[in-house]
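Please read it alongside the sequence and the coordinates.

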Amino acid sequence: MVKFLKSGKAVILLQGRFAGWKAVVVRAFDDGMRDRRYGNCVVAGIAKYPKKVIRKDSVKKTTKKSRGKCFIKLVNYNHIMPTRYTLDVDLKDVITPDALQSRDKKVTAAKETKARFEERFKTGKNH
């Protein structure tokens, strides 16, 4: 089988709480892992998108509207739909497989992911 779900590939989640939401593949496990014997991948996505900013907004309101919220999830290949797009944000060093094992590690990884997504959003590379 050809490896088409490489790191950085944009996907749409089809099942679960974040069904219909866009995400990015961080790490793919084609042959599965010890506890999950099916092909799966770690994805990071935006759970809450930044709001639209208008010119008359104050600086404080602009910074508040520019914030987002992220999620990190381990997803079965059958529950994602790959798109033709890729994202050039490197999250492999932030999100490791052991980061999903405990809640506090997952929260810190999600905060770092959020910071990287927001930094990319503020530089204007998202268009």
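## Terms and basis

A residue is called buried under 20% relative accessible area, exposed over 50%, and partly exposed in between (1.4 Å probe, protein chains only). This is a predicted model, in which local features need pLDDT of at least 70, side-chain atom pairs count only at pLDDT 80 or more, and totals for chains, interfaces and linings use all residues. Residues are numbered from 1 along each chain as its sequence is written, and side-chain values use heavy atoms, with hydrogens and water left out.

## Confidence

The mean pLDDT (the predictor's confidence in each residue, from 0 to 100) is 84 for the protein, and 94% of the residues score at least 70. Helices (H or I, at least four residues) and strands (E, at least two) are DSSP runs, numbered from the N terminus. Confidence is highest in strand S1 (residues 9-13), with a mean of 93, and lowest in helix H2 (residues 103-123), with a mean of 84.

## Aromatic pairs

Rings of Phe, Tyr and Trp (its six-membered ring) pair if their centres lie within 6.5 Å; planes under 30 degrees apart count as stacked, over 60 as edge-to-face and the rest as tilted. The count by this rule is two aromatic pairs. Phenylalanine 18 and phenylalanine 71 are stacked, at 3.9 Å centre to centre and 5° between the planes. This pair links distant parts of the chain, 53 residues apart: phenylalanine 18 is in the loop between S1 and strand S2 (22-29), and phenylalanine 71 is in strand S4 (residues 69-76). Phenylalanine 18 counts as buried because its relative accessibility is 12%; phenylalanine 71 is also buried, at 5%.

Tryptophan 21 and tyrosine 49 form a stacked pair, with 5.7 Å between centres and 10° between planes. Tryptophan 21 sits in the loop between S1 and S2, and tyrosine 49 in the loop between strand S3 (40-48) and helix H1 (59-65), 28 residues apart. Tryptophan 21 is partly exposed at 27%, as is tyrosine 49 at 33%.

## Helix H2

H2 has 21 residues and reaches 30 Å from its first C-alpha to its last, close to the expected 30 Å (1.5 Å times one less than its number of residues). Its buried residues are Ala109, Ala110, Thr113, Phe117, Glu118 and Arg120. Their cover includes S3 and S4.

Lysine 106 lies in H2 and is partly exposed, at 30%. Not counting residues up to four places away in sequence, lysine 106 touches Ile72, Ala99 and Leu100 (contact means heavy atoms within 4.5 Å). Just after H2, glycine 124 has a positive phi of about 85°.
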